[in-house]
Amino acid sequence: MPLSKQEWLALEKKAHELRRLCLDTTYWAGSGHIGGGMSVMDMLTVLYHKYMRLDVKNPKWEDRDRFILSGGHGSMLLYSLFHLFGYGNLSMDDLSLIHI
């Protein structure tokens with residue numbers, strides 16, 4: 001199922017927010033690897049928004065889709081993505097305390 005132009009533009013904006021958030025959190029931590037997260041930013045934005053079956057209000061739903069990230073260098077992307085999409089109640093303060 002292809003994306004509509006409106007969905008495409010909204011996801012492009014969300015990916016831009018994620019890039020900014022990843023850069024900010026890496027800066028706040030004083031270290032980190034942003035290359036891994038930046039390289040898959042658009043893909044994960046589309047997956048989480050459009051294709052993965054998830055329920056923010058029911059994170060333990062047995063039939064939810066799962067995403068396994070094997071490279072820890074991309075974890076800041078996941079934390080940022082969880083924050084923007086509302087998973088796990090991660091606040092900006094929480095993100096500012098993460099040190100990878």
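How much space lies in the second largest cavity? About 40 Å³ lies there. This is a predicted model, in which local features need pLDDT of at least 70 and side-chain atom pairs count only at pLDDT 80 or more, while totals for chains, interfaces and linings use all residues. Residues are numbered from 1 along each chain as its sequence is written, and side-chain values use heavy atoms, with hydrogens and water left out.

**Cavities and pocket**

The structure holds 2 cavities of 30 Å³ or more. On a 1 Å grid over the protein atoms alone, a cavity is a set of points where a 1.4 Å probe fits but cannot get out; a pocket is an open set with protein on both sides within 12 Å along at least five of seven lines, and lining residues have an atom within 4 Å of a point. Grid points are joined across faces, edges and corners, and a volume is the space filled by probe spheres set on the points.

The second largest cavity is lined by Cys22, His33, Ile34, Gly37, Met38, His73, Gly74, Met76 and Leu77. At least two of its lining residues come from α2, and at least two from α4. Helices are DSSP runs (H or I, at least four residues) and are numbered from the N terminus.

The largest pocket has a volume of about 270 Å³. Of the 13 residues that line this pocket, Leu54, Pro59, Arg64, Phe82 and Tyr87 lie nearest its centre.

**Core and helix α4**

The largest nonpolar core has 16 residues, and those with the most contacts inside it are Cys22, Met41, Leu44, Tyr48, Leu77 and Leu81. Two or more residues of this core come from each of α1, α3 (41–51) and α4 (75–85). Helix α4 gives the largest share, 5 residues. A nonpolar core here is a set of buried Ala, Val, Leu, Ile, Met, Phe, Trp, Tyr and Cys residues joined through side-chain atoms within 4.5 Å. Buried means under 20% relative accessible area, exposed over 50%, and partly exposed in between (1.4 Å probe, protein chains only). In soluble globular proteins, nonpolar side chains tend to be buried together.

The buried residues of α4 are Ser75, Met76, Leu77, Leu78, Ser80, Leu81 and Phe85. These residues pack against α1, α2, α3 and α5 (92–97). Just after the helix, Gly86 takes a positive phi of about 90°.

Ser80, in α4, counts as buried because its relative accessible area is 0%. Contact means heavy atoms within 4.5 Å. Apart from neighbours within four places in sequence, Ser80 is in contact with Leu18, Leu21, Cys22, Thr25 and Leu95. Cys22 in turn touches Ile34, Met38, Met41, Met76, Leu77 and Ser80, with residues up to four places away in sequence not counted.

**Thr45 in α3**

Thr45 is found in helix α3 and is buried, because its relative accessibility is 1%. A polar atom of its side chain lies 2.7 Å from the backbone oxygen of Met41. Such a polar contact is a pair of N or O atoms within 3.5 Å; within protein, one must be able to donate a hydrogen and the other to accept it, and residues adjacent in sequence count only if both atoms are side-chain atoms. Leaving aside neighbours within four places in sequence, Thr45 is in contact with Leu11, Lys14, Ala15, Leu18, Leu81 and Phe85.

**Loop residues**

Ile34 lies in the loop between α1 (5–29) and α2 (35–39) and, at 30% relative accessibility, counts as partly exposed. Beyond four places in sequence, its contacts are Cys22, Leu23 and Thr26. Ser31 is found in the loop between α1 and α2, and its relative accessible area of 37% makes Ser31 partly exposed.

Arg53 is placed in the loop between α3 and α4 and is partly exposed, with a relative accessible area of 43%. Arg53 and Asp65 are 12 residues apart in sequence and 5.3 Å apart in space, C-alpha to C-alpha. Leaving aside neighbours within four places in sequence, Arg53 is in contact with Trp61, Asp63, Arg64 and Asp65. A polar atom of the Arg53 side chain lies 2.8 Å from the backbone oxygen of Asp63.
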